[in-house]
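Me: Hi, can you walk me through this structure? I'd like to begin with a helix and then hop around a bit.

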Amino acid sequence: MNVILGVGGGIAAYKAAELARALMEHGASVQVVLTAAAEEFIRPLTFAALTNRKVITDLFAARSAEETLASSVEHIRAAQENEVLVVAPATADLLAKFAHGLAPDFLTTLYLAFTGKVILAPAMNTNMWNHPATRDNIETLAARGNYILPPDEGLLACGTTGAGRLPDPARIADAVMTIGHPRKDLDGEVLVISAGPTQEAIDPVRFISNRSSGKMGYALAAKAAARGARVVLVSGPVNLPGPYGVEVVSVRSAAEMRDAVMTHLEEATIIIKSAAVADYYVANPPPQKIKKTAARMSIELDPTADILAELGRKKGDRLLIGFAAETQNLVQEGRRKMETKNCDMVVANLVTREGAGFESDENEVTLVLRTGESIQVPRMSKFEVADKILDQALKLRLALYSRT
Ligand code: PMT
């Protein structure tokens, strides 16, 4: 997807660099446009390095007559070549200019020429956000079909607390990809996706867990929502913002994850179990903290319920996709898990490879399919891997469950 990222002159402009990176991670091609005020807060070079593209800074900055001529149509070309215009931070001044059709510089001129989807992420002082002039401008822009991502509440750069903070860049990127995604091939599907680790209590202050960050499962949820699905994301404890348009059900233990997944089984058409569920738990953790002594101690563990296996028994003609975190014999182990747990696909993850698997932003996997094939997905961002998994899911469903 081709995205123009317009950056306004506010203190949150520095977060736009993170947004550019998050959009690139999603696989978007990003053209950055800075206003003159934004340049006071962040340099074009930062964005040029992140996006590998020249940053557009000023409509009238060209020197020679040829350059002036070329730049005079650049905003029209940019408007035609891109599907989405996201402005973050959208300052009160920019909102006013957009609402009233003023076009003194490149970004505002581009806005008027743009016919694709426009997403505005305002960020400013709370009083400015609440001012009737800003409220009116927001109302006007929303009524014209611009998507408004309301600011978060919290401590602002001016030292006050209230509404006005730019939302998390990862969340804005999700919204951009969801709103602007050209393919809605999962429209009508309900995906139940599990993500993250589980935590199994040893006592009131300690637990057993694993290294899952939730990034793979959250990327799947974000991409599925972007492609038109309704998504329920059952998530263990992670440090990630909920993807745009996704219902997040937060759980802690394997038992809670099992109950949440089963609650949503009936409505699901596709289930993806990317969570790293604990295989063992402490059946009766003591109500008080275990005291430290000099003696060796041991903990008795019982196996947790195997959620994927239970889903395999109950799935009917729903598509069931499991993951397999392996340290060797990737395809063989993936196929064994697929057979024993009655999955339609297993995403086999060699978790010992540097920069892939647990915690990383990238992954490389092998998709083991019920149809007999196995497909290598080379190293790419987890968002791109998620798209590959969803592409195969749709193909598999046609092959396995198409009813004529
Ligand atoms: O979260 P990230 O940091 O992005 O890392 C991604 C990941 C490495 C966690 C992910 O890609 C992955 O491999 N997830 C599966 C981890 C895992 O638990 O693998 P497993 O081979 O132990 O389990 C096989 C399958 O059974 C998984 O689908 C798992 O969700 C499921 N399972 C396991 C145990 C259990 N009690 N119930 C289950 O449903």
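Me: Okay, helix α10, residues 169-180: what span should its 12 residues have?
Reply: At 1.5 Å a residue, α10 should span 16 Å. The C-alpha atoms at its ends are 16 Å apart, which agrees. Keep in mind that this is a predicted model.

Me: How many residues of α10 are buried?
Reply: The helix is mostly covered, with 10 of its 12 residues buried. Among them are Pro 169, Ile 172, Ala 173 and Asp 174. The buried set also includes Met 177, Thr 178 and Gly 180.

Me: New topic. How many aromatic pairs turn up in a search of the whole structure?
Reply: The search finds one.

Me: Which rings are in it, and why is the pair called stacked?
Reply: It's Phe 98 with Tyr 111. Their ring centres are 4.1 Å apart and their planes sit at 20°, so the pair is stacked. The cut-off for that word is planes under 30 degrees apart.

Me: Where do those two residues sit?
Reply: Phe 98 is in helix α6 (residues 92-100), while Tyr 111 is in helix α7 (residues 106-113). The pair therefore ties together parts that are 13 residues apart in sequence.

Me: Is Phe 98 buried or exposed? And Tyr 111, buried or exposed?
Reply: Phe 98 is buried, at a relative accessible area of 1%. Tyr 111 counts as buried too, with 9% relative accessibility. The cut-off is under 20%, so both values fall in the buried class.

Me: And what lies over the face of Trp 129?
Reply: That's Arg 135, at 4.4 Å from the ring centre.

Me: On to salt bridges. How many does the structure hold?
Reply: It holds 25. One of them joins Asp 387 and Lys 223, whose closest N and O atoms are 3.5 Å apart.

Me: Where are those two in the chain?
Reply: In distant parts of it: Asp 387 belongs to helix α15 (residues 382-401) and Lys 223 to helix α11 (residues 215-226), 164 residues apart. Both Asp 387 and Lys 223 are buried.

Me: What about Arg 183, which residue does it form a salt bridge with?
Reply: Asp 185, and the closest N and O atoms there are 3.5 Å apart. Arg 183 is partly exposed, at 35% relative accessible area, and Asp 185 is partly exposed at 31%.

Me: Which residues are linked in a network of salt bridges?
Reply: Arg 183, Asp 185, Lys 223, Arg 227, Asp 387 and Asp 391.

Me: Switching to the surface: which residues form the nonpolar patch?
Reply: Tyr 280, Met 297, Ile 299 and Leu 301, with about 390 Å² of accessible area together. Met 297 is in the loop between β14 (280-281) and β15 (302-303). Its relative accessible area is 52%, so Met 297 counts as exposed.

Me: Last one: how many residues apart along the chain are Ala 348 and Asp 105?
Reply: They're 243 residues apart, and their C-alpha atoms are separated by 50 Å. Ala 348 is in strand β17 (residues 345-350) and is buried, with a relative accessible area of 0%.

Methods. Residues numbered from 1 in each chain as written. Predicted model: local features only at pLDDT ≥ 70, side-chain atom pairs only at ≥ 80, totals over all residues. Heavy atoms only, no water. Phe/Tyr/Trp six-rings, centres within 6.5 Å; stacked < 30°, edge-to-face > 60°. Helix = DSSP H or I, 4+ residues; strand = E, 2+ residues; numbered from the N terminus. Buried < 20%, exposed > 50% of the residue type's maximum accessible area, 1.4 Å probe, protein only. Lys NZ or Arg CZ within 6 Å of the ring centre and 35° of its normal. Patch = residues over 30% accessible without salt bridge, like charges linked within 9 Å, V, L, I, M, F, W, Y side chains within 5 Å. Areas by Shrake-Rupley, 256 points an atom, 1.4 Å probe, with all protein chains shown as cover. Salt bridge = Lys/Arg side-chain N within 4 Å of Asp/Glu carboxyl O. Expected span 1.5 Å × (residues − 1).
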